[in-house]
Structure formats: structure tokens, C-alpha cells
Amino acid sequence: MQALDISLADLRRLEAQSKPGPRYTSYPTALSFSEELGPSEYAAMLEERRALRSPLSLYLHIPFCENICLYCACSVVYTANHRRAAPYIELLKREIALTAAHCGSQRRVEQLHLGGGTPTFLEPQQLLDLISALRDSFDIANNAELSIELDPRVTSDEHLAALAQVGFRRASLGVQDFAPQVQEAIHRQQSEELVANLAADLRRRGFESLNFDLIYGLPRQSEQSFLDTVRRTLALGPDRISLFHFAYLPGVVKHQQRIRAEELPDAEARLRIFYGALQLFLEAGYEAIGMDHFAKPGDELAIAARRGALHRNFQGYTTRGDLDLIGLGLTAIGDLKDAYFQNQRGLSEYEQAIGDGQLATQRGVRLTEEDKLRRAVIQDIMCRASLSFAEIDARFGLDSRRHFQEELRSLHPLIEEGLLRMDDQGLLVNALGRFALRNIAMVFDARLAELNQKAPRFSRTV
């Protein structure tokens, strides 16, 4: 969808059908994880997979933030005490060594991502020490893709020098909104000049790809104010833009209770904000990726999307679905293809586990063959906006049209709404349907009804 061939009225129809649903950064989703899988099961699976000698992706979670951003639903430890970083780094180093011992030395790391929280809550030398510990335990490829999430408010030139020194070339900047009244409402105040200077400094330091995170639907946000943010963002020329809908879940994220519901834009305003932003991105030459990302045509994410090689994991859309993902640090999630594993979500529990000399795994889920089949289908919908019956049949040795006859029948209302087409070859999502990918994927989610009965915790799909 590189031309805006949908209308505001089309989006209104979608919004009217919106309902809570997963974002499908995994299938099964994290709500299906249980404590039946723990450190010993994770260690055993790492040992099993070491014989593959296939490459790895590492994710390190740095949980600390100095201040509470009221929109945020990430796993964060809020503290202004930077001395708390040093003991956490020591724990991370021990977890790195423990995990690497189970992975073996033959599995080269081709991706490394630092997220949070705020990775630059750490001092520059602490970042260098952490990367050194990783290199001591893992075989990190010379051309590995190293990326990091940055908060412009706490990232210094010394941070950038240290990151560039050890090979980081990708960064994601939390922008959200440039409007002062919105920044005040979400408790995240940072000037456009601060962001612009950081982006320029990253370019000078050799960073090749910059992503800006934007959020629409925030308190005190208007169509005019957010489109001004979009224009100012485009003027800074990021390679990628993530445009997220604010998930207002005050019953789940307690600090969101400090946001006044009456200050949130209503459904019509949110649609106009999104529609206007979409117009501006496409007019500027960005390509729409998946359901909420945009990238310049030459960016690797756009190239992967055109080639049908896009993948989706806990960091969102990515280019490498072939890698085992190893999660390190508090709450981090790993994906070993046959199972997902998540670390302890409490800092004291994480400290206890590592202090006892064991992996910090708290919970996870082992995928059944049916889970793997449905994961493949959902991945194709979320990443390729299509589904080939023949490819699924060949991969899993079944007749997918017969296997999913009930699901395919359930798609007919969405087909009648003009969101996708179905024929003997498969499914093809159209331009409008790309904004309802979650709704389409939910049809194939065999676990969703049970999860919704227990405790609905999902944001609305549109």
C-alpha cells in the first residue's frame, strides 16, 4: 500500500468493529506462559539446540528509568539512584556466562539488541563492560547487527562514543509527540531540539539506521498538533518510524490511572490523527510495513517486506526470523522455536535465581505441533498480509483448507467487509485489511477464547 487508496469512512467502519486482541509478537501469546517451564527445562532445551550450530539473536533488558512515562506499559524499575545499575550488571554478567555455557561456543551471534527501560541509564563504561562480557561468552560476528533503544533525555555524547566504539549502528529514539501539552500530560518532556541534536550526533557517529517511535491517541493530543509532530519528524529523516496506538489500560497499568480519561482524543479524533499521519508518511515516500511501521524504500525492513521475509517477535517487526532469540535480564523473553521462556519479573526474584547459580527463567510455554502450525499462519498474516495454502500444506503435511475449515468460514464477514480475498490458492489482505491484521489473525488463535475468559488484558485492535 504505497498509495492512500482507503478513506476515512473506511477506517470508521474498522473502528466500529474494533475489539480487544493480541498484537501477536508471539503465538502463543505471553498470557499462555506458565511456571511449568523453569530453569531446568530452559537449560535442557538450550543444550538440545546447541548441536544445530545455527546463529543467535540476543536481547538484553535494562529495566531502569529515572522517571515514569505515564503511557508506558513496559517492564520498568523506576529509580533516580544510578548506583542500582552496578549490581544489576554483575547479575547480567553471571546470567550471560550461565546461558552461554548451555548454548555452546559454536553458535554465532548475528543480532544484539539492548532495550528497556532505558539502556543509557547505565554509564558509558558500564555499557562497554557489558558488551565486553558478552564478547567473552558469545561469538559475536564482526558484522552483527547491534541496536539499542535511546531516551534522548539521558543519552550523552559519551554514551554515543562508547556505543559506536563497540559497533552499534542502529538506534531507536523514543519521541512519542513533540507537542508540549501532550508531553506534560504523559510526564515525558523533551524538546524537538534535543531529539534533532541526538539524531545528528548519531549520524556523525556512523549510525546507519534510526527509528523514531511515535504514539497517537495520547492525552491532550489533537489532529493538528500530532500532524505537526509528524511533519517535524519527517524533517529529521528517520529511516524507520513506528506509529503505535496508545493502549489505555488503567486496570492493568496502574500508573495510567494518573491520565485523565476525558483528556484522551475520542474515537473520531484518533481516526483523523491516524489517517492524516498515514497520508504524510506515504507522501514522503515511506513504505507501510506490517500494521504500524513505516520505512524508507532502501531500509532493510522495507526490503525484507517486499521479499516476503519480514518476521515478528517481541521487539516488533524484524528481518531475521531464522535466529533463536536468547533473552537476558529481568523479564526478558527468549524464543527457541519449540518453546518460549521468560525470565523472572521481580528484581529480587531475578537476583535470587542468578545468585543461586541457575538461569532466571520463571515461566514459558512449549509449543505443540498445532501451536506451530497456527503460529506460521499468524506470522504470514501479520508479516506478509497473505497466506498460501500450498506453502502451509507442504510445510506441515496437511490439507490446510480442510484443517481450518471452521476458521476460513469465520473469515466470511471480514471478506464481505472488503478486508481480504480468499480463493483456492489462499488469502490476500487488501490495503484496508492491513489495519485489521490483528482481527484476521485472531480467527486462527485457538487459545484466545480461554484467555479472554480468564482476564482480558489486550488493547483494542483498531
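Colleague: Is Tyr 42 buried or exposed?

Modeller: This is a predicted model, and in it Tyr 42 has a relative accessibility of 4%, which is under the 20% cut-off, so Tyr 42 counts as buried. Phe 341, at 3% relative accessibility, counts as buried too.

Colleague: How many aromatic pairs are there, and what describes such a pair?

Modeller: A pair of aromatic rings is described by the distance of the centres and the angle of the planes. The count for this model comes to 11 aromatic pairs. One of them joins Tyr 42 and Phe 341, whose ring centres are 4.7 Å apart and whose planes make 35°, a tilted arrangement. Because Tyr 42 belongs to helix H2 (residues 39-49) and Phe 341 to strand E15 (residues 339-343), the pair ties together parts that are 299 residues apart in sequence.

Colleague: What are the distance and the angle for Phe 246 and Tyr 248?

Modeller: Phe 246 and Tyr 248 form a tilted pair, with 5.9 Å from centre to centre and 45° between the planes. Phe 246 is buried, at a relative accessible area of 6%, whereas Tyr 248 is partly exposed, at 27% relative accessibility.

Colleague: Which residues form an aromatic cluster, and where does the charged end of Arg 312 sit?

Modeller: One aromatic cluster is made up of Phe 64, Tyr 88, Phe 121 and Tyr 350. As for Arg 312, its charged end is placed over the ring of Tyr 317, at 4.6 Å from the ring centre.

Colleague: Turning to the sheet, what is the order of the strands in the open sheet of 3 strands?

Modeller: The order is E17-E19-E18, and the pairing is antiparallel. Strand E17 (386-388) and strand E18 (420-422) are the edge strands, each of which pairs on one side only. On average, and with direction ignored, neighbouring strands of this sheet are turned by 15° against each other.

Colleague: Over how many bridges do E18 and E19 pair, and which residue stands opposite Leu 427?

Modeller: Strand E19 (residues 426-429) and E18 pair in the antiparallel sense over 3 bridges, and the residue opposite Leu 427 of E19 is Met 422.

Colleague: Which helix packs on the sheet?

Modeller: That is helix H13 (residues 389-396), which touches E17, E18 and E19, and whose direction makes about 55° with that of E17.

Note on methods: Residues are numbered from 1 along each chain as its sequence is written. This is a predicted model: local features need pLDDT of at least 70, side-chain atom pairs count only at pLDDT 80 or more; totals for chains, interfaces and linings use all residues. Side-chain values use heavy atoms; hydrogens and water are left out. Rings of Phe, Tyr and Trp (its six-membered ring) pair if their centres lie within 6.5 Å; planes under 30 degrees apart count as stacked, over 60 as edge-to-face and the rest as tilted. Helices (H or I, at least four residues) and strands (E, at least two) are DSSP runs, numbered from the N terminus. Buried means under 20% relative accessible area, exposed over 50%, partly exposed in between (1.4 Å probe, protein chains only). A charge sits over a ring if NZ of Lys or CZ of Arg is within 6 Å of the ring centre and within 35 degrees of the ring normal. Two strands pair if DSSP finds at least two bridges between them. Axes are lines fitted to C-alpha atoms, for helices over the stretch in contact, and angles run from 0 to 180 degrees between N-to-C directions. Contact means heavy atoms within 4.5 Å.
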